[in-house]
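Colleague: Please take me through one part of this model slowly. I would like a close look at the ligand site and the chains around it.

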Amino acid sequence: ASSSSSSSSKVLATPLTRRMAREHGLDLSQIAGSGPQGRVMKADVTAALEGASATRNE
Amino acid sequence: MAETFDVVIIGSGPGGYVGAIRAAQLGLKTALIEKDKRLGGTCLHRGCIPTKSLLWSAALLHHIQEAADFGIEVPKPVVNWAKVQEHKQKVVTKGANGIDYLMKKNKITVIKGHGRIAGKGKVEVTGDDGSKQQLDTKNIIIATGSVPKSLPNVKVDHERVLNSDSILGIDRIPKSLIVIGAGAVGCEFASVFNHMGSQVSIVEYLPNILPIEDADISKEMEKQFKKRKIDLHTGAKVESVENTGSGVKLTMTVGSETRTIEAEIVLSAVGRAPVSEDIGLQHTSIKADRGFIKTDTMMRTTEPGVYAIGDVIPTAMLAHVASAEAVLAVEHIAGKNPAPINYDLTPSATYCYPEVASVGLTEKKAKERGYDVKTGIFPFSAVTKASISNEGIGLVKVVSDKKYDEVLGVHMVGPHATELLAEACVALRLEITTEELAHTMHAHPTLSEIVKEGAEATLGHPIHI
Amino acid sequence: MAETFDVVIIGSGPGGYVGAIRAAQLGLKTALIEKDKRLGGTCLHRGCIPTKSLLWSAALLHHIQEAADFGIEVPKPVVNWAKVQEHKQKVVTKGANGIDYLMKKNKITVIKGHGRIAGKGKVEVTGDDGSKQQLDTKNIIIATGSVPKSLPNVKVDHERVLNSDSILGIDRIPKSLIVIGAGAVGCEFASVFNHMGSQVSIVEYLPNILPIEDADISKEMEKQFKKRKIDLHTGAKVESVENTGSGVKLTMTVGSETRTIEAEIVLSAVGRAPVSEDIGLQHTSIKADRGFIKTDTMMRTTEPGVYAIGDVIPTAMLAHVASAEAVLAVEHIAGKNPAPINYDLTPSATYCYPEVASVGLTEKKAKERGYDVKTGIFPFSAVTKASISNEGIGLVKVVSDKKYDEVLGVHMVGPHATELLAEACVALRLEITTEELAHTMHAHPTLSEIVKEGAEATLGHPIHI
Ligand SMILES: Cc1cc2nc3c(=O)[nH]c(=O)nc-3n(C[C@H](O)[C@H](O)[C@H](O)COP(=O)(O)OP(=O)(O)OC[C@H]3O[C@@H](n4cnc5c(N)ncnc54)[C@H](O)[C@@H]3O)c2cc1C
Ligand SMILES: Cc1cc2nc3c(=O)[nH]c(=O)nc-3n(C[C@H](O)[C@H](O)[C@H](O)COP(=O)(O)OP(=O)(O)OC[C@H]3O[C@@H](n4cnc5c(N)ncnc54)[C@H](O)[C@@H]3O)c2cc1C
C-alpha cells in the first residue's frame, strides 16, 4: 500500500493518473475506475477532464 | 444422442489449446479439434519452440567459443547437428506430451481430424481415414492459425529454396544461406546459422531489418549483424532465384543497382498466410479478407456464436497474442465481462543474438499519434552486469510523452532482452511514468538496471553515462 | 581561501559515488572522499562485481559440461583459475575507470584519503602520506559502508580461514571448502566452488539456508544444492575451527549431535559490520548503535547537516539500497521533496545457480502483518523456455492479500531469477493485483511467463499445470 492511501478506502490508480490528478486538482476517489478491480486509468481521468471542460463550456 | 458442447475449438495452437484449458477451468464443456498428429500448432512444432531450441544451441556454441576469455579453456567445440536436432525434437515432444496431459487433466475432448463448420452450431470432423463425425456446440472458435507464404517469383521447393517449416528439419548446416525477409523469423534463422558457421546473407525489401521495430533498434541490430559478418541487403527487391544445380543464385535490385549473390540454400521468410479455406466458412456469414477473419473486440465474427482468434485474424501473429485472444473469447463465452485487449501492449520478441524485444509505441508511431515525444537511450556497455559476460552490446530506448511523462514504449537490443522486456510490459500496462520507472529499485548488479537508466536518460539524468 | 562544498561524501561505494553523481546533476558542488586506492567501494572491489564475475565463469563451465546434450560436443573443459581471476580483475578495473570518468564528467572533486568529520561543516582528510586537508561544506554524507565480521570463536587468518575479502583473491581452486553462513555471500561462493570442482559444505546456524527468503524458497534452494552434492548442515552451531596443518577441522553441534568435518579451507561468511569508528562522530551528536548510524526517512542523522546512507545504517546491506538512499539524501539536500524509500520493495538477489530473487513480503511476514494471505506456486519445469536449456528447475511463489488481491511478494528460485525479478519490482511498486499480473501479456516463449503463471496459480487457475 502506498503512503498516499492510508485513508479508509484504497484507490487503485496508476502513476499516470495520479500525476494527472495532481496537475488538474482532481480527487481520484471521485472517479470511477474502468481498469481491473476499478483501477483508475488514463481513459477515466481523460473522460473526467473532458466532462469538466464540457460542463465549463456550456 | 450426441452431447452438446459449450465450445468447440478448431485448431490446437497456442490459441486453441490455451483457450480450451481456460474454457474447461470456467466449467465449459469443451472440444478441441486438430488435424496434425500432435497438439500444439505452429508454435510448438514449426515455430516458437523449435527455433528457440536451435537458437540456444547456437548461443551456447558462441559462448563456448569465447569461454577462454573467462578462464574456461576448451578445445574447439564440434557441432553435432543431428544431436542439435535431436534435442530440439525432445523439447517439442515434451511440450506435446505436456499438452496431452493438460487436456486429460482438464477433461477436454480432443478430436483428431480436419474440422469444418457444417452449419449453425455444427462442426464436422473428418478423420485421416475419411471417417466423419458431427459435433453439436453452442459456440465455435476458429483457431486455425497460419502457414508460410512465399513470393510469387520465389518458388519454395524444399530442396534449394526452403521455408521456415522445411529449414527446421534440415539435416546439415549449410555452407552458405540467403535469408529473404528480415522479420523475426528471418533474423532468428540468420542468427542460428551464422553462429553455426554458415555464411549468411539477408535480403530485405524494406529499408531496415526488423522493420516493425523502432528505427534505432533496427539500426543497432544491423550493426550487430554486420559485426557478426552477416551480409545485409536492405531496400532490396528479389528479382529471381535460380537453382544452379550446385546451389542457388539470387538476383535483386537495390535502387538502380542489380546484385547477384549465391549460396547453398535460400530461406524464404516473407510472412505467413492465415488458414481460412476449407473450414466451412460458406456455412456462415463470415467473409474472409485476404484470408483473414475479422472480429470485434470480444473476438466475435459476424456469425453469431462463432469466434476467431490467433494468426487467422488480422492482429499480430504471435503466440502470446493468440493465447490472450483465446482466453478472452472463452471468458466472453462463459459470460464473464473480460476487458478488450489493448494491442499497443503486445510484446514483440526476436531471439537472435543479441536479442531484440519491445513493447508499446515506437518513436515514429508515438509522433504519428500526436504525442509530444521524448526519448532516452542507454547502452548496455555502461551496465556492469553486461560487461561481466563481455556482453556490453546493444541498448535500450525509452519513448515517453512530454505532457504527462507517460512511458509509451520500451525498445531493446541486447543480452536477454526478451526476458528484460517483462518489466516493461507490466510498467506500460500500469501506465507508468518515466519518473516512477526511474525511481523503482532494481537489484544490483543486473542487466535489468538498464531499464531504470533508460528512464533516467529520458529525464536527462542517467547515472552511469 | 578554501571553497565551500554543498556536500562532502565520505566513502565511494555504490552509495557514495552514485550520490555524488546525482548531487552534481542537481547542481551541488560536491566532493567525494575515499581511502582506498580506487573508487567503487565494497561492491566493485570486494563484493557484487567480482563475485558475479566468478559466478559467470562457474556457470559457463557448468553449461559447457552439459553442452553435448544440445549438440555441441566439447572435450573436457579445463579451468585456468589464473585467467578466471584475470577476467574478474579486468571487469573490476573497467568499473573503476568508469567511475573515474563519471567523476570527471560530472566535475566532482575526488579526494583520496581517510575522511573524518572535524566539526560543524568541516571534514578533514588525511592522505596516505599523512598530509591533512580540511574541507568546508554545508552538508556531509557518511557513506563509509561495512567490512566483514567474524564469529568470536572462528579466527580469520586469511590462510586456512578466509573471509569474503580474501577468498576473492584466492590463487587456486581448493579441493574442499567449508562455508560458514548461508546468506547470499556464503551461498554464492558455495555455488562458484562447487561448479569449479571443490567439495563444498555449508554450515548455517539457522534452520534454513538463505534465512531471509521465504521458507519455500530456502527449501527449494536446499534441494538444488543437495542435487549438486553440496553438503548442508543447517541448525548447526560452530563450536571450533582448528588448523590441522594440512587443512581445517570444524566442529559443530546440531541439536544434541556433534559433527566434525574437514576441508582445505574455511570461508567465514557470517555478515558484515558497519564502519563508523574513526570517522569523527565524537564531533557530532551521533551515537552509533552497535556500529550502525540511525537516520530518519530523509537519511538525516541526529546531527544537522549530516546524513548517513548505505551499509553504515541499519537498512538492508545491499548496493541498490545504498544507491537509492544516496540519491534520496542528495535530493533532500538539493531541496527537492523526495518520497521516502519503501523498504518493503527492496529487491533481494542471490546469484548462485540456480538464482534466487525476491521482492516484497514472504508468506510469514505477510501473515505477521495481519494480511489474509493467499499464495500461488508455479514450477519452472512447466515453463517451455526453461526446458529448452534443460533448466526446468526451481519455482516462483506469489504471495497476495485476499482482501484486495494485492500482490505482496514475489519469490523465485530458478534460471535468471535475478533478471526476472525486475518485473515484480515494478509490479509491487505499482500496487498490482494478481488478476492484473495474470492478465499482463508476456512474450512467448520466455522464462518470464512464470510470473504470470504464478499470479494465475494464486487465483487458482494456472494454465500450464
Ligand atoms: C519459425 C517461427 C517462429 C516463431 N516464433 C515465435 C515466437 O518466438 N514467439 C511468438 O509469439 N510467436 C512466434 N511465432 C508465431 C507463432 O507460432 C504463431 O503466432 C502462433 O503459433 C499462432 O497460434 P494459433 O493458435 O493462432 O495458430 P497455429 O499455431 O498456427 O495453430 C493452428 C493449428 O490449427 C490446426 N488446423 C488448421 N486448420 C484446421 C482444421 N480445419 N481442422 C483442424 N485443425 C486445423 C493446425 O494444424 C495447427 O495445429 C513463430 C512462427 C514461426 C513460423
Ligand atoms: C562478497 C559480497 C558480495 C556482495 N554482493 C552483492 C550483490 O550482488 N548485490 C548487492 O546489492 N549487494 C552485494 N553486496 C553488498 C554490497 O557490496 C554493499 O551493500 C554495498 O557495497 C554498500 O555500499 P556502501 O556505499 O554503503 O559501502 P561500501 O561499498 O562498503 O563503500 C564504502 C567505502 O567507503 C570507504 N571508506 C570507509 N571509511 C572511510 C573513511 N573514513 N574515509 C574515506 N573512505 C572511507 C571504503 O574504503 C569504501 O570504499 C555484496 C557484499 C559482499 C561482501
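Modeller: Start with a term: a residue is near a molecule if one of its heavy atoms lies within 4 Å of it. This is a predicted model. Now take ligand 2. Residues from chains B and C surround ligand 2, so the site is shared between chains. The shell counts 41 residues. Among the closest are His444(B), Glu34(C) and Asp311(C).

The side chain of Glu34(C) has an N or O atom 2.6 Å from an oxygen atom of ligand 2. Backbone atoms take part too. An N or O atom in the backbone of Gly115(C) is 2.9 Å from a nitrogen atom of the ligand. For Cys43(C), a backbone N or O atom lies 3.3 Å from a ligand oxygen atom. The protein covers 97% of the 990 Å² of accessible area that ligand 2 has on its own.

Which element gives the largest share of the shell? That is α2(C), with four residues. By class, the shell holds 15 nonpolar, 19 polar and seven charged residues.

Now look at the two chains themselves. Chain C brings 85 residues to the contact, and chain B brings 85 residues. About 7,400 Å² is buried between them, and carbon and sulfur atoms give 66% of that area. Two salt bridges are counted between chain C and chain B. One of them joins the side chains of Glu436(C) and Arg429(B), at 3.3 Å from N to O. On the side of chain C that touches chain B, α3(C) gives the most, with 10 residues. That side has 47 nonpolar, 24 polar and 14 charged residues.

Definitions and conventions: Residues are numbered from 1 along each chain as its sequence is written. Chains are lettered from A and ligands numbered from 1 in the order in which they are written. This is a predicted model: local features need pLDDT of at least 70, side-chain atom pairs count only at pLDDT 80 or more; totals for chains, interfaces and linings use all residues. Side-chain values use heavy atoms; hydrogens and water are left out. A polar contact is a pair of N or O atoms within 3.5 Å; within protein, one must be able to donate a hydrogen and the other to accept it, and residues adjacent in sequence count only if both atoms are side-chain atoms. Accessible areas come from the Shrake-Rupley method with a 1.4 Å probe; for residues, only the protein chains shown count as cover. Helices (H or I, at least four residues) and strands (E, at least two) are DSSP runs, numbered from the N terminus. Ala, Val, Leu, Ile, Met, Phe, Trp, Tyr, Cys and Pro count as nonpolar, Asp, Glu, Lys and Arg as charged, and the others, Gly among them, as polar. Contact means heavy atoms within 4.5 Å. Buried area is the accessible area (1.4 Å probe) that two parts lose on being put together, summed over both. A salt bridge is a side-chain nitrogen of Lys or Arg within 4 Å of a carboxyl oxygen of Asp or Glu.
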